[in-house]
Amino acid sequence: MHYANDLDVEYILHSSILYRDDNNNAIAAAYTAAMGEAMTDKTKAQWQTMADKLKIEARAFINGHYVDAHDGATRTCYNPATGTKLADVANCGIDDADRAVQGARDAFESGIWSKRSPDARRAVMVRWAQLLEDNADELALLETLDVGKPIRDTTGSDVPGAIRTIRWSGEAIDKIYEQVAPTSHDTIGLVTRIPLGVVAAIVPWNFPLSTTAWKLGPALASGNSVILKPASNTPLTAIRIAGLAKEAGLPDGVLQVLPGPGSSMGAHLATHMDIDGLTFTGSTPIGKKLLEYSGQSNLKRVFNELGGKSPNIVFADADLEKAAEAAAMACFYNGGQTCTAGTRLIVEESIHDRFVDMVIEAAKAWQPGDIMDPATAMGPMIDQGQYDTVKDYIAIGDSEGCTRYGGDSNIFPESGGLFLEPVIFTGVDNSMRIAQEEVFGPVLAVIPFKTKEEAINIANDSIYGLGGAIWSRDISNALSVAEEIRVGTLGVNNYFGGDITVPFGGFKQSGNGRDKSIHAFDDYTELKTTWIEL
Ligand code: NAP
């Protein structure tokens, strides 16, 4: 794999297809080219050869060593694009969790990492980032096979994004100053930040490596010991990067990786009396449970990054060509299995029919295909459960009286994978279930509006508040609407904008934590006041 420069990586990482080249051609229809051709110089056949030779580490990582689960239990991981077995992965239980917590606590109390100078921690994190980069092809391939993500996405976004996050977090830690309060002349008020201690990080299957890096970067750089529980479906990159962290010089016990069931082992971590912080990315129902677990146990700090039903508002004066390409990308990228997916397309009535036609056309770029082919834009659903859920929602949309475009589920049957094609519903009212509930599949609900106020009301009429966008050439109009929309990340004339320098998280039932940027460090540190009388 070769990387574009930082700017390009940042662009591709969270950027939109909205960028235009010198000839003012949308390169994004072209997201394909940007994500695939620009970021991987290997062909499908070369990726396949590499996959055939891949040796997968499938054990847990506890106290600096790869180990089997205490009771020898395993869980089989499958490639969702083919249904073939990838590995029997250690399925850790309560005993393993307790051993990992004890090791993490011992490492923390020893000060071997927590009291190491910020500069020394920076050096290890940066070395780790370099090792991730040296092994980028392998990580991209693992993530592609484990999650069913097209290789162009993992080479173009997930892996370079994770590397950038670890490097950025490491580089930040020796540049964050603490504070002296403005007190009277005979006192000194020191305001310092100290690591929480032992932190559990529980992450989902849709962006396993990205969300892992968003947690591990600031948590480890701050001096905590971390126990990472990957999603049961997708543990492989988490396991692999732990060994690279050790190689970079991270002391034993500071990072533990425990693949295992969320409902038992994950819940055990969340109720553990010796874990100080819990950082979570996943669904809103599980996020609510974690807050309860915290209250039932030791009031550990809980930071949640949860679900979404994000509004994408298009005014009649927008650059409609650009907005239509972005609307398709916003909903269908990663097969719609994206927390910030722009699943509610809120369109000004006067352009509704013309714009829907343009989005239907743009959706053709998001047909599912072979994930090992760098030209493929969309992979399969992660598993049978998710596939069935999405099909149920398509039936619900039909039964709610909406008009449907697309949705043939008999796609690519020879692959053995669970593929769905993009679905666009029109005639949607925001009160319908397909407009209110997170589908987590390639299903777009188009909702018309007449006035700006109506657009704002529709956008905010949701239990979620994660992402969204506004499209208008009138910047005053766009910004006045932006001010009213209650979401954590909002694009103006772009979708999925942002990079590591800005925080990412939700309002309302989309969560309370913030990943990325310097603000992420707030979730992994306690503020401490030391008051000195002279
Ligand atoms: P999920 O079912 O909530 O699972 C997330 C993680 O929690 C998995 O590791 C899971 O383990 C674990 N878990 C399940 N039950 C648990 C319990 N009782 N106690 C402790 N841990 C438990 O979510 P998902 O289906 O993997 O991911 C999709 C969801 O994540 C969507 O709602 C999406 O919007 C959200 N998401 C949010 C963001 C964001 O930044 N806001 C980013 C990505 C995804 P198992 O795998 O073993 O069940």
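Okay, so first: the model is predicted, so local features need pLDDT of at least 70 and side-chain atom pairs count only at pLDDT 80 or more, while totals for chains, interfaces and linings use all residues. Residues are numbered from 1 along each chain as its sequence is written, and side-chain values use heavy atoms, with hydrogens and water left out.

Where does the ligand lie? Domain 1 (59-76 + 84-306 + 511-532) and domain 2 (311-507) both give residues to the shell around the ligand, so it lies between them. Those bounds come from an automatic or database domain assignment.

Now, who's around the ligand? There are 30 residues, with a heavy atom within 4 Å counting as near, and Ser 232, Gly 262, Ser 283, Leu 306 and Glu 438 come nearest. By class, the shell has 17 nonpolar, 10 polar and three charged residues. Here Asp, Glu, Lys and Arg count as charged; Ala, Val, Leu, Ile, Met, Phe, Trp, Tyr, Cys and Pro are nonpolar, and the others, Gly among them, are polar.

Let's look at some polar contacts, meaning pairs of N or O atoms within 3.5 Å. A polar side-chain atom of Trp 205 sits 2.9 Å from a ligand oxygen. For Val 203, a polar backbone atom is 2.8 Å from an oxygen of the ligand. And on the nitrogen side, a ligand nitrogen is 3.5 Å from a polar backbone atom of Ala 267.

How much of the ligand does the protein cover? On its own the ligand has 900 Å² of accessible area (Shrake-Rupley, 1.4 Å probe), and the protein covers 88% of that.

Terms used. Polar contact = N/O pair within 3.5 Å; in protein donor to acceptor, adjacent residues only side chain to side chain.
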